[in-house]
Amino acid sequence: MDVKIEASWRDFLADEFRKEYFYRLVEKVKDLYKNAIVFPPAKYIFRAFDLVPLNSLKVVVIGQDPYHTPGVADGLAFSSMPNNPIPPSLQNIFKEIENDMGYTPYNNPDLSRWAKQGVLLLNTTLTVEKSKPYSHKGIGWEIFTDSVISRVSSYLNNIVFILWGSHARQKKVLIDISKHLIIESAHPSPFSAEKGFFGSRPFSKTNQYLIEHDKNEIDWR
């Protein structure tokens, strides 16, 4: 199947795109966009990949599904359209950056600035229906994104995987810890950030690992 995704990912995932489940997933997603209000805009479904060519990948941050309110989801986990209010979880992420790194992040929810430095902001489900969180869970996206995580783990080296919350932490079984760094903690949501996210210092830990493996660190501002 010819998937409109960045070229290096298209080649890397070519076998996946030929699988029967993926054909069914594509047809299901097309039908959902036709008959309901679905986020993000269709052109942004694979935006997380489009902004991070495979040879620039350094960090994978795993989220759950896109924001389900209009005008918020932009195809990147935890991110939002420029000039939008900063979502609550991202507010806490910014607080931890300030406490961890000693600088204040830009007051902008658009995290494409991270993606362009090699941070794959990957939701495990890439679409959602308006006002219905987790509504596209189980339609096939998790099969696809689990395969992405497994393939990155198998074929690349020295990638940092950041797992926030129980959903993301379930993906540990897909990652080879002898080749990669896993950083995990509670989710940055206001409901759980005080239970281990604050003080976990994921950003300085990531940069230290990247430096140790001769990679440029991430400017988290």
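A pocket is an open set of points on a 1 Å grid over the protein atoms alone, where a 1.4 Å probe fits, with protein on both sides within 12 Å along at least five of seven lines. Its volume is the space filled by probe spheres set on the points, which are joined across faces, edges and corners. This is a predicted model, in which local features need pLDDT of at least 70, side-chain atom pairs count only at pLDDT 80 or more, and totals for chains, interfaces and linings use all residues. Residues are numbered from 1 along each chain as its sequence is written, and side-chain values use heavy atoms, without hydrogens and water.

The second largest pocket holds about 450 Å³ of space. Its lining (residues with an atom within 4 Å of a point) comprises 15 residues, and Val3, Lys4, Ala42, Ile45 and Phe46 lie nearest the centre. Helix H3 (residues 20-35) gives the largest share, five residues. Helices here are DSSP runs of H or I, at least four residues, and strands are runs of E, at least two, numbered from the N terminus.

The largest pocket holds about 780 Å³. It is lined by 36 residues; Asp65, Tyr67, Ser89, Tyr134 and His187 lie nearest its centre. Two or more lining residues come from each of strand S2 (59-63), helix H5 (88-101) and helix H8 (165-169). H8 gives the most, four residues.

Ser189 lies in the loop between strand S6 (181-185) and helix H9 (202-212). Ser189 is buried (under 20% relative accessible area, with a 1.4 Å probe and protein chains only), at 13%. Beyond four places in sequence, Ser189 touches Ser89 and Asn92, with contact meaning heavy atoms within 4.5 Å.

Notes:
Buried < 20%, exposed > 50% of the residue type's maximum accessible area, 1.4 Å probe, protein only.
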